[in-house]
Each structure stands twice: as structure tokens, then as C-alpha cells.
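Hi,

Here is the structure I promised to pass on.

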Amino acid sequence: MSLAPIITVQNLHKSYGSFEAVKGISFEVHQGEIFGLLGPNGAGKSTTLEIIETLRPKTSGEIWVNGVNLDTDPEEIKKFIGVQLQTSGFYPNLNLTELIQLFVGLYQTKVDPIQLLKKVNLEDKAKSKFKELSGGQKQRFSIATTLINQPKIIFLDEPTTGLDPQARRNLWDLIKEIREAGTTVIITTHYMDEAEILCDRVAIVDAGKIIAINSPNQLIDELVATGFEKEKEIKKANLEDVFIQLTGKEWRAE
Ligand code: ADP
Ligand code: MG
């Protein structure tokens, strides 16, 4: 993994009226990493992502994406980022192939819908409508749409919220594959096991400020070094392991 920053955020502030949602945060995302933004509801994660995605104006601060300054050339930034579209934009009566064709037209690029659906293991749903998909399949399709313009960076805001454990794991595999193909991934999640497994580095955001930023391993080691101990001894497996053992199959039809 290269350590060159592909995103630099410096002293970002965002106010909604008199309420300051983002209070001067700075961080870098390295090229080729999976970077997690963690934090309680209302911490300012989505606001931060949407500002970097050029979808929301900032109050102050400086942002560079792949060397391009956000204030100077937001249109250029849009060309090499992939953003999950609101699922409300997925016309209910079009099938997945038709939806991809529609988005491909918007991006003015050329993509084979079946190839794209294969990447997210939905090729057998090519003729299904979006509304006919399971929760996990919907998320995979939504991630596929972020890949249409062959982006350098994709932004995933809580992609696994509400999914069952197996669908979550399928999505982890997909996100890892996307990264293996060279795409930088920024993700938000409320699942700490997921962040630990997926993310090279995480920033923990609380009330509009970054209160910690490091690899999950380093953060855990720092906590242990303070003398922290878990209250009860951990068993070698947990209930989620039981669930996956009993119900889980690779790419189980969700
Ligand atoms: P997170 O994604 O971490 O849950 P958000 O970025 O969505 O947090 O929101 C951060 C804070 O900003 C919250 O207190 C939220 O209520 C507020 N907020 C978000 N969007 C708006 C908006 N359009 N207008 C006013 N307040 C907003
Ligand atoms: Mg959010």
C-alpha cells in the first residue's frame, strides 16, 4: 500500500445555522487503503463525507482529493470518485441491467452491465427489478453503481446497516475485492467488528471532532497499555459465530 495521501482534509468546519456539526477536523486518507469513519449518530460523519463528495458546501477548511482542490475544481473531483446513489433514484420498474444503462448514460461512459453485475455477484439478477432484491443484494447493487465511472475512491456510508450477518460478510468480501483492484475506500459503520476486520485505519469522530485516528490494532494496543481489561473472560466463539456456522453459506441467496 502506498502511503501517499489521496484525500487531505484540513481544519474542516461545517455549521447548519448556528449549530456547528463539524468542528475543525483534519485527516488524510492514504491511497489504496480502507479508511473508516466511526462515531455515534450525529457525530458529523455523513456531513464530512458529503462535503468531500462535493455534494454539500463546507463552512471553512481546505480539501484536496487526488491532488485537486475542492474549491477550485469540484467537477474534476466528481470524475474520479464513486458515490452511493440514493436508492430512491432506482426506478422501481426498471431491471438491474436497465438501471445500470441509465446510470452509464448519465456518466457518459461505457460499461457492460453484466460484467458489472458479475463483480457484485448479481449476474443472475440482471433481469430483476431493484425492489425484488433482498437487503444485501440491494446494497451490493448500490455498491456496483459506485463503480460505473471506474473511480479511484469510493464512499460507502453505512453500507451494512440492517443486513443479516451473512449478507454483511458478503459485503466485506466485496469491499476487500474493490480495494484489491486498487480503489481507495472510505466507509462509515456502527459495527466495530466490521471496522476491525475491514479498515486499515479509522478515525473516531465525536461531536464534530476527531478524538482518535490510527489502525484498529494500534488503538486497541493503546487501550490495553492503559491497563484496561475486559470484565469477563471471552469465550472462543460468540453467538454470531454460532449463527454463521448454522446458517452461513458463501453467497447464500439472501
Ligand atoms: P452522522 O452521519 O455522524 O450521524 P451527520 O453528519 O448526519 O452525523 O449529522 C451531524 C449533525 O448535523 C447532527 O446533529 C445532525 O442533526 C446535523 N445535521 C445534519 N444535516 C443537517 C441539515 N441538513 N440541517 C441541519 N442539521 C443537520
Ligand atoms: Mg450518517
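Predicted model: local features only at pLDDT ≥ 70, side-chain atom pairs only at ≥ 80, totals over all residues.

Let me start with the antiparallel sheet. It is open and has 4 strands, in the order E2-E1-E4-E5. E2 and strand E5 (68-69) are at the edges with a single partner strand each, so one side of each has no neighbour in the sheet. Strand E1 (residues 5-16) and strand E2 (residues 19-30) are joined by 9 bridges and run antiparallel. E1 and E2 make a hairpin with 2 residues between them, and Gly-17 in the turn has a positive phi of about 60 degrees.

E1 also pairs with strand E4 (residues 60-65), again in the antiparallel sense, through 5 bridges. There, His-13 has Ser-60 of E4 as its bridge partner. Across E1, E2 and E4 lies helix H1 (residues 45-52), which runs at about 120 degrees to E1.

Now the other sheet. This one is open too, with 6 strands in the order E6-E7-E8-E3-E9-E10 and mixed pairing. Its edge strands are strand E6 (81-83) and strand E10 (209-214), each pairing on one side only. From one strand to the next, the twist averages 15 degrees. Within this sheet, strand E3 (residues 34-38) and strand E8 (residues 184-188) run parallel and are joined by 4 bridges. Leu-37 has Thr-188 in E8 as its bridge partner. Helix H6 (residues 165-180) packs on the sheet, where it touches E3, strand E7 (153-157) and E8, and its direction makes about 150 degrees with that of E8.

H6 has a helix partner as well. How do H6 and helix H9 (residues 239-247) cross, and within what distance do their axes come? The axes come within 9 Å and cross at roughly 85 degrees. Angles of 65 to 115 degrees count as roughly perpendicular, so H6 and H9 are roughly perpendicular to each other. On the H6 side, the contact is made by Pro-165, Gln-166, Arg-168 and Arg-169, and on the H9 side by Glu-240, Phe-243 and Ile-244. Sorted by class, this contact has 3 nonpolar, 1 polar and 3 charged residues.

Last, the ligand. Which residues are around ligand 1? They are Tyr-16, Phe-19, Ala-21, Pro-40, Asn-41, Gly-42, Ala-43, Gly-44, Lys-45, Ser-46, Thr-47 and Arg-56.

- Tyr-16: a polar side-chain atom lies 3.4 Å from a nitrogen atom of ligand 1.
- Gly-42: a backbone N or O atom lies 2.7 Å from an oxygen atom of ligand 1.
- Lys-45: an N or O atom in the side chain is 2.8 Å from an oxygen atom of ligand 1.

That's everything from my side. Over to you!

Cheers

Notes:
Residues numbered from 1 in each chain as written. Chains lettered and ligands numbered in written order. Heavy atoms only, no water. Pairing = 2+ DSSP bridges. Axes fitted to C-alpha atoms, helices over the stretch in contact; angles between N-to-C directions. Contact = heavy atoms within 4.5 Å. Parallel < 35°, antiparallel > 145°, perpendicular 65-115°, else oblique. Nonpolar A, V, L, I, M, F, W, Y, C, P; charged D, E, K, R; others polar. Near = heavy atom within 4 Å. Polar contact = N/O pair within 3.5 Å; in protein donor to acceptor, adjacent residues only side chain to side chain.
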